[in-house]
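Please examine the sequence and the three-dimensional structure shown below. This report is intended to be read beside them.

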Amino acid sequence: MRTIEKEVLLIFMFLLAFFSVAEGAPWKVEKIIEEVGGDLPLLDYPVGILVDDQKDRILVNDWGNNRFLSLSENGQIQKVLANLKSPAGLGKDEERGRIYIVEQKANQVRIVNSDDFSNLGVLKAKGSLQEPRGVWIDEEGKIYVADTGKSRIVVFNPEGEELFTLGKEGMGNDEFYYPRGVAVDEDSHIWVVDTQHNCIKVFDGKGKFLFRFGQGGEGEEDFNQPRYLFIKGDWVFISDYRNHRIKVYNREGVLQEIIGKEGSGEGEFSFPEGLWIDESGKLWVADAGNNRLQIIDVNFLINPKSYLASLLEEGKDEEFKQVMEGLSAKEKEDPEVARLLLEFFRKKGDLDQAIYQAEELFLNDSENRDQWKKTLGELYYEKGVYLRGEGKLKEAQEFFRKSWQNDNNHSLFLYLWTSFLLLGGSNLFILILVIILLFLLIIFFRLRKEHYRGW
């Protein structure tokens, strides 16, 4: 084959592989919200996004229209706070009934009541804020504000009193340049999006630097002015602003998934900003450059067990395999995940893999050992029947024996019968039957003779 033909073939194979992977992506767009009704029917560069699951409403900072919106799940306007000054980040304190609205151009964080959005005041920093962008409220009610213009993070207690600041402008590990997003994980680690340095920096709860990751560029491991982040369990979602995508990392800073690319279609983004994950496992993205909200199902990451169960029920085998392959070794050892994998192998008729999986469950899931013993008995029986049909009697005999030892009594006869066939076959069986019949006839005639003597 000529060189040019080889090159064309390689390109074709690459494209085929690329589109195959793209089509099989486990995430999927659930819904897009653009028209929201009212006097200004379209969103204009939405930045902040927050889902209030308890009240079934979506809160949006419509930055370009200088307004805060409360929407129904279908995008119908319920409430508007107008005449704000470039509202950016959003946060909520469920316990205290507060919503925090970052007003970039007003250099403040407004506090409103979560029921009727009445004004409760503003956060009072010891030094004035300068074009703040992001806000996060942790489980204790502490408030973390990305004071972007001053390249620092300001931390407040639930009463709004400043506790400490983290960082300043500079190139060091504990310094930033225009940070926008901030979030706190379950270990009280503080995650900061250092936007102009194209990286993420992580600190302990007292502000001590732990690690960083990311660099400027367009590759998989790169960022181009990242904006906001949202942490859900072990997963960290980051809006990679100028690369027009959402990147997902684990809490060790290892890349797990890239969602989307530049464009205006489903699953495509233009300068994505704020992120939120609701209780049903949907990722809400403020797709700012496209003036819309995109809702993406990411249960394959944050609720893999329920997601795998639904894929199995729906018969989506390829997606099931793809999600399963993405799980860590520890996740695959989870008895519930292992059970789903066993069901998958049984459904596909892969007896060898099913037996291996059932044996692993028998060894590792002590609480349900009796169940897995019964399952193994059934699987060994099926394997024995298959091998006997293939004429592999010795192997079939072993599986029938193991099936019987695992309390499957149906296997005993087949074990004995297979053992008999291995000892000589049907001719010997006929001879044994003849001997048994002769023995029974002798007994019959003796009993009959004794009966007549009694007369």
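The sections below treat the pocket, the cavity, a surface patch and the salt bridges in turn. The model is a predicted one.

## The largest pocket

The largest pocket holds about 1000 Å³ of space. Its lining consists of 44 residues, and those nearest the centre are Trp136, Ile137, Asp138, Glu139 and Phe230. Two or more lining residues come from each of the strands β2 (46-52), β6 (87-93), β10 (135-137), β14 (182-184), β18 (229-232) and β24 (272-277).

Strand β6 gives the most to this lining, with 5 residues. By class, the lining of the largest pocket comprises 18 nonpolar, 11 polar and 15 charged residues.

## The cavity

The structure contains 1 cavity of 30 Å³ or more. The space in the largest cavity is about 40 Å³. Its lining is formed by Asp52, Lys55, Lys92, Asp93, Glu94, Gly97, Arg98, Ile99 and Ser114.

Strands β6 and β7 (98-103) each contribute at least two residues to the lining of this cavity. Here the classes are 1 nonpolar, 2 polar and 6 charged residues.

## A nonpolar patch on the surface

Ile436, Leu437, Phe439, Leu440, Ile443 and Leu447 together make a nonpolar surface patch of about 590 Å². One of these residues, leucine 447, belongs to helix α11 (residues 426-453). Leucine 447 counts as exposed because its relative accessibility is 59%, and the cut-off for exposed is over 50%.

## Salt bridges

In the whole structure, 33 salt bridges are found. One of them joins the side chains of aspartate 194 and lysine 201, with an N to O distance of 2.9 Å. Both aspartate 194 and lysine 201 are buried.

Another salt bridge pairs aspartate 334 with lysine 305, whose closest N and O atoms are 3.2 Å apart. This pair links distant parts of the chain, 29 residues apart: aspartate 334 is in the loop between α5 (329-332) and α6 (335-348), and lysine 305 is in helix α3 (residues 304-314). Aspartate 334 is partly exposed because its relative accessibility is 25%, and lysine 305 is partly exposed at 29%.

## A link between helices and a network

Which residue forms a salt bridge with glutamate 382? The partner is arginine 346, and the closest N and O atoms lie 3.3 Å apart. Glutamate 382 is in helix α8 (residues 369-389) and arginine 346 is in helix α6, so that the pair links distant parts of the chain, 36 residues apart. Glutamate 382 is partly exposed, with a relative accessible area of 35%, and arginine 346 is partly exposed, also with 35%.

Finally, salt bridges that share partners connect Asp185, Glu186, Asp187, Asp234 and Arg251 in one network.

Key:
Residues numbered from 1 in each chain as written. Predicted model: local features only at pLDDT ≥ 70, side-chain atom pairs only at ≥ 80, totals over all residues. Heavy atoms only, no water. 1 Å grid on protein atoms, 1.4 Å probe; cavity = no way out; pocket = protein on both sides within 12 Å on 5 of 7 lines; lining within 4 Å. Points joined across faces, edges and corners; volume = space filled by probe spheres on them. Helix = DSSP H or I, 4+ residues; strand = E, 2+ residues; numbered from the N terminus. Nonpolar A, V, L, I, M, F, W, Y, C, P; charged D, E, K, R; others polar. Patch = residues over 30% accessible without salt bridge, like charges linked within 9 Å, V, L, I, M, F, W, Y side chains within 5 Å. Areas by Shrake-Rupley, 256 points an atom, 1.4 Å probe, with all protein chains shown as cover. Salt bridge = Lys/Arg side-chain N within 4 Å of Asp/Glu carboxyl O. Buried < 20%, exposed > 50% of the residue type's maximum accessible area, 1.4 Å probe, protein only.
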